[in-house]
Amino acid sequence: MSIHVLCVGDVVGTAGCRHLQAVLPGIRRKYAVDVCIVNGENAADGNGMTPAAAELILESGADVITGGNHTYRRPELYDLLDRSESILRPANFPGDPPGRGITVVDRGRFSLTVINLLGQVYLDTVDNPFFVLDRLLKEAGHPRLCVVDFHAEATAEKKALGFFADGRISALFGTHTHVQTADEQILPEGTGFITDVGMTGPSVSVLGVKPEQSIQRIRSKMPARFSTAEGPCQMDAVLFTLDERTGKTIAVERIQE
(Lines give C-alpha, C1' and ligand atoms only; values in the text may rest on other atoms or scores of the structure.)
Protein backbone atom coordinates (compact mmCIF):
# COMPACT_ATOMS: atom_id res chain seq x y z
CA MET A 1 0.00 0.00 0.00
CA SER A 2 1.07 3.61 -0.52
CA ILE A 3 1.16 6.51 1.92
CA HIS A 4 0.64 10.12 0.84
CA VAL A 5 2.64 12.75 2.75
CA LEU A 6 1.93 16.40 1.94
CA CYS A 7 4.65 18.90 2.86
CA VAL A 8 3.63 22.57 2.79
CA GLY A 9 5.98 25.53 2.37
CA ASP A 10 6.58 28.28 4.92
CA VAL A 11 3.35 29.95 6.02
CA VAL A 12 3.77 33.74 6.04
CA GLY A 13 1.68 35.91 8.36
CA THR A 14 -2.05 36.09 8.89
CA ALA A 15 -2.62 36.11 5.13
CA GLY A 16 -0.79 32.81 4.74
CA CYS A 17 -2.67 31.26 7.67
CA ARG A 18 -6.02 32.25 6.20
CA HIS A 19 -5.12 30.91 2.77
CA LEU A 20 -3.97 27.64 4.31
CA GLN A 21 -7.26 27.42 6.18
CA ALA A 22 -9.15 27.96 2.91
CA VAL A 23 -7.34 25.48 0.66
CA LEU A 24 -5.66 22.78 2.75
CA PRO A 25 -8.78 20.76 3.65
CA GLY A 26 -9.68 20.43 -0.03
CA ILE A 27 -6.12 19.46 -0.98
CA ARG A 28 -6.10 16.78 1.71
CA ARG A 29 -9.28 15.29 0.29
CA LYS A 30 -8.21 15.58 -3.36
CA TYR A 31 -4.90 13.77 -2.84
CA ALA A 32 -6.05 11.41 -0.07
CA VAL A 33 -3.33 12.79 2.22
CA ASP A 34 -2.39 10.55 5.14
CA VAL A 35 0.00 12.94 6.90
CA CYS A 36 0.44 16.69 6.42
CA ILE A 37 3.57 18.59 7.52
CA VAL A 38 3.49 22.41 7.44
CA ASN A 39 6.41 24.77 8.09
CA GLY A 40 5.01 27.55 10.28
CA GLU A 41 8.03 29.49 11.51
CA ASN A 42 6.87 32.74 9.85
CA ALA A 43 3.16 32.33 10.55
CA ALA A 44 2.91 35.38 12.83
CA ASP A 45 2.88 38.83 11.24
CA GLY A 46 6.45 40.10 11.38
CA ASN A 47 8.14 36.75 11.96
CA GLY A 48 8.10 33.77 14.28
CA MET A 49 4.95 31.90 15.31
CA THR A 50 2.43 32.62 18.05
CA PRO A 51 0.31 30.00 19.83
CA ALA A 52 -2.75 31.37 18.02
CA ALA A 53 -1.08 30.92 14.61
CA ALA A 54 0.00 27.40 15.54
CA GLU A 55 -3.54 26.51 16.57
CA LEU A 56 -4.93 27.83 13.27
CA ILE A 57 -2.43 25.78 11.26
CA LEU A 58 -3.33 22.61 13.16
CA GLU A 59 -7.06 23.29 12.79
CA SER A 60 -6.54 23.78 9.04
CA GLY A 61 -5.30 20.20 8.68
CA ALA A 62 -1.62 20.06 9.63
CA ASP A 63 -0.54 16.99 11.58
CA VAL A 64 2.92 18.38 12.31
CA ILE A 65 4.23 21.97 12.29
CA THR A 66 7.95 22.42 11.69
CA GLY A 67 10.11 25.43 12.51
CA GLY A 68 13.33 27.14 11.48
CA ASN A 69 15.66 30.00 12.32
CA HIS A 70 12.78 32.18 13.63
CA THR A 71 11.40 29.51 15.97
CA TYR A 72 12.40 31.35 19.14
CA ARG A 73 11.41 34.89 18.08
CA ARG A 74 8.17 34.63 20.12
CA PRO A 75 8.73 33.74 23.80
CA GLU A 76 5.00 33.14 24.21
CA LEU A 77 5.45 30.01 22.07
CA TYR A 78 8.02 28.37 24.34
CA ASP A 79 5.58 26.66 26.68
CA LEU A 80 3.61 25.23 23.76
CA LEU A 81 6.81 23.93 22.18
CA ASP A 82 7.50 22.00 25.38
CA ARG A 83 3.97 20.62 25.67
CA SER A 84 3.01 19.78 22.10
CA GLU A 85 4.22 16.71 20.23
CA SER A 86 2.84 18.20 16.99
CA ILE A 87 5.02 21.34 16.91
CA LEU A 88 8.73 20.91 16.21
CA ARG A 89 11.79 23.11 16.38
CA PRO A 90 15.05 22.27 14.61
CA ALA A 91 16.67 19.35 16.43
CA ASN A 92 20.17 20.75 16.02
CA PHE A 93 19.74 23.94 18.06
CA PRO A 94 22.63 23.79 20.56
CA GLY A 95 22.06 23.14 24.25
CA ASP A 96 18.63 22.20 25.53
CA PRO A 97 16.15 24.82 24.24
CA PRO A 98 12.36 24.48 24.54
CA GLY A 99 10.65 21.90 22.39
CA ARG A 100 11.62 18.82 20.43
CA GLY A 101 13.08 18.19 16.99
CA ILE A 102 11.55 14.80 16.25
CA THR A 103 8.07 13.32 16.57
CA VAL A 104 6.07 10.29 15.43
CA VAL A 105 2.66 10.40 13.73
CA ASP A 106 0.89 7.14 14.60
CA ARG A 107 -1.81 6.10 12.14
CA GLY A 108 -2.33 2.58 13.47
CA ARG A 109 -1.37 0.66 10.32
CA PHE A 110 1.81 2.75 10.04
CA SER A 111 3.89 5.28 11.99
CA LEU A 112 5.76 8.15 10.33
CA THR A 113 8.75 9.80 12.00
CA VAL A 114 9.20 13.53 11.28
CA ILE A 115 12.51 15.31 11.89
CA ASN A 116 13.19 19.07 11.71
CA LEU A 117 16.74 20.32 11.04
CA LEU A 118 18.36 23.73 10.46
CA GLY A 119 21.15 24.47 8.01
CA GLN A 120 24.49 25.98 8.99
CA VAL A 121 25.37 27.99 5.85
CA TYR A 122 24.38 31.71 6.09
CA LEU A 123 22.26 31.03 9.17
CA ASP A 124 22.66 30.90 12.95
CA THR A 125 25.40 28.77 14.45
CA VAL A 126 23.87 25.38 15.22
CA ASP A 127 25.07 21.80 15.66
CA ASN A 128 26.06 19.98 12.48
CA PRO A 129 22.83 18.69 10.86
CA PHE A 130 24.60 15.69 9.32
CA PHE A 131 25.83 14.43 12.68
CA VAL A 132 22.50 15.20 14.39
CA LEU A 133 20.53 13.34 11.72
CA ASP A 134 22.78 10.31 12.18
CA ARG A 135 22.21 10.39 15.93
CA LEU A 136 18.44 10.84 15.71
CA LEU A 137 18.00 7.98 13.24
CA LYS A 138 20.05 5.70 15.46
CA GLU A 139 18.14 6.70 18.61
CA ALA A 140 14.81 6.20 16.81
CA GLY A 141 15.81 2.69 15.72
CA HIS A 142 16.18 3.66 12.03
CA PRO A 143 12.45 4.05 11.32
CA ARG A 144 11.24 2.67 8.00
CA LEU A 145 9.06 5.73 7.33
CA CYS A 146 10.78 9.06 8.01
CA VAL A 147 10.45 12.55 6.49
CA VAL A 148 12.86 15.44 7.16
CA ASP A 149 12.20 19.18 6.86
CA PHE A 150 15.62 20.75 6.30
CA HIS A 151 15.24 24.50 6.86
CA ALA A 152 18.31 25.87 5.12
CA GLU A 153 19.54 28.72 2.92
CA ALA A 154 22.15 27.08 0.72
CA THR A 155 20.87 24.81 -2.04
CA ALA A 156 24.10 22.80 -2.02
CA GLU A 157 23.75 22.07 1.69
CA LYS A 158 20.21 20.82 1.15
CA LYS A 159 21.19 18.61 -1.77
CA ALA A 160 24.20 17.24 0.12
CA LEU A 161 22.06 16.27 3.12
CA GLY A 162 19.59 14.62 0.77
CA PHE A 163 22.30 12.39 -0.72
CA PHE A 164 23.78 11.80 2.73
CA ALA A 165 20.41 10.46 3.92
CA ASP A 166 19.50 8.69 0.67
CA GLY A 167 18.12 5.24 1.36
CA ARG A 168 17.94 5.89 5.11
CA ILE A 169 14.90 8.19 5.13
CA SER A 170 11.74 8.28 3.01
CA ALA A 171 11.96 11.91 1.91
CA LEU A 172 13.66 15.25 2.56
CA PHE A 173 12.11 18.58 1.65
CA GLY A 174 13.79 21.96 1.95
CA THR A 175 12.21 25.07 3.40
CA HIS A 176 13.29 28.68 4.16
CA THR A 177 13.86 30.34 0.76
CA HIS A 178 10.10 30.74 0.03
CA VAL A 179 10.68 29.91 -3.65
CA GLN A 180 9.52 26.55 -4.96
CA THR A 181 12.25 24.75 -6.90
CA ALA A 182 11.64 22.55 -9.93
CA ASP A 183 13.99 19.73 -8.95
CA GLU A 184 11.63 17.25 -7.31
CA GLN A 185 13.10 13.78 -7.73
CA ILE A 186 13.71 10.37 -6.25
CA LEU A 187 17.37 9.93 -5.33
CA PRO A 188 19.21 6.71 -6.36
CA GLU A 189 18.49 4.81 -3.14
CA GLY A 190 14.79 5.76 -2.97
CA THR A 191 14.64 8.97 -0.93
CA GLY A 192 12.27 11.62 -2.27
CA PHE A 193 13.77 15.12 -2.50
CA ILE A 194 13.05 18.74 -3.36
CA THR A 195 15.43 21.62 -2.64
CA ASP A 196 12.67 23.97 -1.51
CA VAL A 197 8.94 23.41 -1.30
CA GLY A 198 8.11 27.15 -1.48
CA MET A 199 5.78 29.43 0.47
CA THR A 200 2.20 29.84 1.62
CA GLY A 201 1.40 33.54 1.43
CA PRO A 202 0.90 36.55 -0.86
CA SER A 203 1.79 35.91 -4.49
CA VAL A 204 2.64 39.57 -5.26
CA SER A 205 5.42 39.97 -2.73
CA VAL A 206 9.10 39.56 -2.01
CA LEU A 207 9.03 36.27 -0.10
CA GLY A 208 5.75 37.34 1.48
CA VAL A 209 6.83 40.91 2.30
CA LYS A 210 5.46 44.11 0.73
CA PRO A 211 7.77 44.73 -2.26
CA GLU A 212 8.34 48.41 -1.49
CA GLN A 213 9.59 47.60 2.00
CA SER A 214 12.02 45.01 0.74
CA ILE A 215 13.28 47.36 -1.98
CA GLN A 216 13.87 50.17 0.52
CA ARG A 217 15.73 47.85 2.90
CA ILE A 218 18.03 46.63 0.14
CA ARG A 219 18.65 50.09 -1.31
CA SER A 220 19.15 52.00 1.94
CA LYS A 221 20.82 49.28 4.05
CA MET A 222 18.87 50.72 6.98
CA PRO A 223 16.81 48.61 9.43
CA ALA A 224 13.18 48.23 8.40
CA ARG A 225 10.12 46.54 9.84
CA PHE A 226 8.57 44.27 7.25
CA SER A 227 4.82 43.80 6.78
CA THR A 228 3.06 40.93 5.06
CA ALA A 229 1.95 41.89 1.56
CA GLU A 230 -1.72 42.05 0.60
CA GLY A 231 -3.62 40.51 -2.27
CA PRO A 232 -4.06 36.97 -3.63
CA CYS A 233 -2.18 34.14 -1.97
CA GLN A 234 -0.74 30.78 -3.00
CA MET A 235 0.05 27.56 -1.19
CA ASP A 236 3.18 25.75 -2.38
CA ALA A 237 3.55 22.10 -1.41
CA VAL A 238 5.03 18.78 -2.45
CA LEU A 239 3.32 15.40 -2.26
CA PHE A 240 5.50 12.37 -1.57
CA THR A 241 3.96 8.97 -2.23
CA LEU A 242 5.71 6.36 -0.08
CA ASP A 243 5.74 2.59 -0.35
CA GLU A 244 4.46 1.43 3.04
CA ARG A 245 6.46 -1.81 2.88
CA THR A 246 9.88 -0.35 1.97
CA GLY A 247 9.48 3.20 3.25
CA LYS A 248 10.89 4.55 -0.01
CA THR A 249 9.40 7.25 -2.23
CA ILE A 250 7.69 6.01 -5.37
CA ALA A 251 6.36 9.37 -6.65
CA VAL A 252 6.90 13.09 -6.09
CA GLU A 253 4.55 15.86 -7.22
CA ARG A 254 4.77 19.62 -6.79
CA ILE A 255 1.51 21.41 -5.94
CA GLN A 256 0.54 25.08 -6.04
CA GLU A 257 -2.95 26.12 -5.00
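Student: Why does H176 count as buried in this model?

Tutor: First, keep in mind that the model is predicted. H176 has a relative accessibility of 15%, and the word buried is used for anything under 20%. The value falls below that cut-off, so H176 counts as buried. You'll find H176 in the loop between β8 and β9.

Student: Where is A32, and is it buried, partly exposed or exposed?

Tutor: A32 sits in the loop between α1 and β3. Its relative accessible area is 43%. Buried would need under 20% and exposed over 50%, so A32 is partly exposed.

Student: How do you know that R109 and D34 form a salt bridge?

Tutor: Check the distance. The closest N and O atoms of R109 and D34 are 3.9 Å apart, and the rule asks for a side-chain nitrogen of Lys or Arg within 4 Å of a carboxyl oxygen of Asp or Glu. Since 3.9 Å is within 4 Å, the pair passes.

Student: What does that pair tie together?

Tutor: R109 is in the loop between β5 and β6, while D34 is in the loop between α1 and β3, so the bridge ties together parts that are 75 residues apart in sequence. R109 is partly exposed, by the way, with a relative accessible area of 39%.

Student: Which residue does R168 pair with, and what makes that a salt bridge?

Tutor: R168 pairs with D134, at 2.6 Å from N to O. That is within the 4 Å limit, so it counts. R168 lies in the loop between α5 and β8 and D134 in helix α4, so this pair ties together parts 34 residues apart in sequence.

Student: Why are R168 and D134 called partly exposed?

Tutor: R168 has 30% relative accessibility and D134 has 32%. Both values lie between the 20% and 50% cut-offs, so both residues are partly exposed.

Student: How do you know that R254 and E184 link distant parts of the chain?

Tutor: Their side chains meet in a salt bridge, 2.7 Å from N to O. R254 belongs to strand β13 and E184 to the loop between β8 and β9, 70 residues apart. Salt bridges that share partners also join R28, D63 and R107 into one network.

Student: How many salt bridges are there by this rule?

Tutor: The count comes to nine.

Student: How many cavities does the search find, and what lines the largest cavity?

Tutor: One cavity of 30 Å³ or more turns up, and the largest cavity holds about 30 Å³ of space. Its lining includes E41, M49, T66 and G67. By class, that lining has five nonpolar, three polar and one charged residues.

Notes:
Residues numbered from 1 in each chain as written. Predicted model: local features only at pLDDT ≥ 70, side-chain atom pairs only at ≥ 80, totals over all residues. Heavy atoms only, no water. Helix = DSSP H or I, 4+ residues; strand = E, 2+ residues; numbered from the N terminus. Buried < 20%, exposed > 50% of the residue type's maximum accessible area, 1.4 Å probe, protein only. 1 Å grid on protein atoms, 1.4 Å probe; cavity = no way out; pocket = protein on both sides within 12 Å on 5 of 7 lines; lining within 4 Å. Points joined across faces, edges and corners; volume = space filled by probe spheres on them. Nonpolar A, V, L, I, M, F, W, Y, C, P; charged D, E, K, R; others polar.
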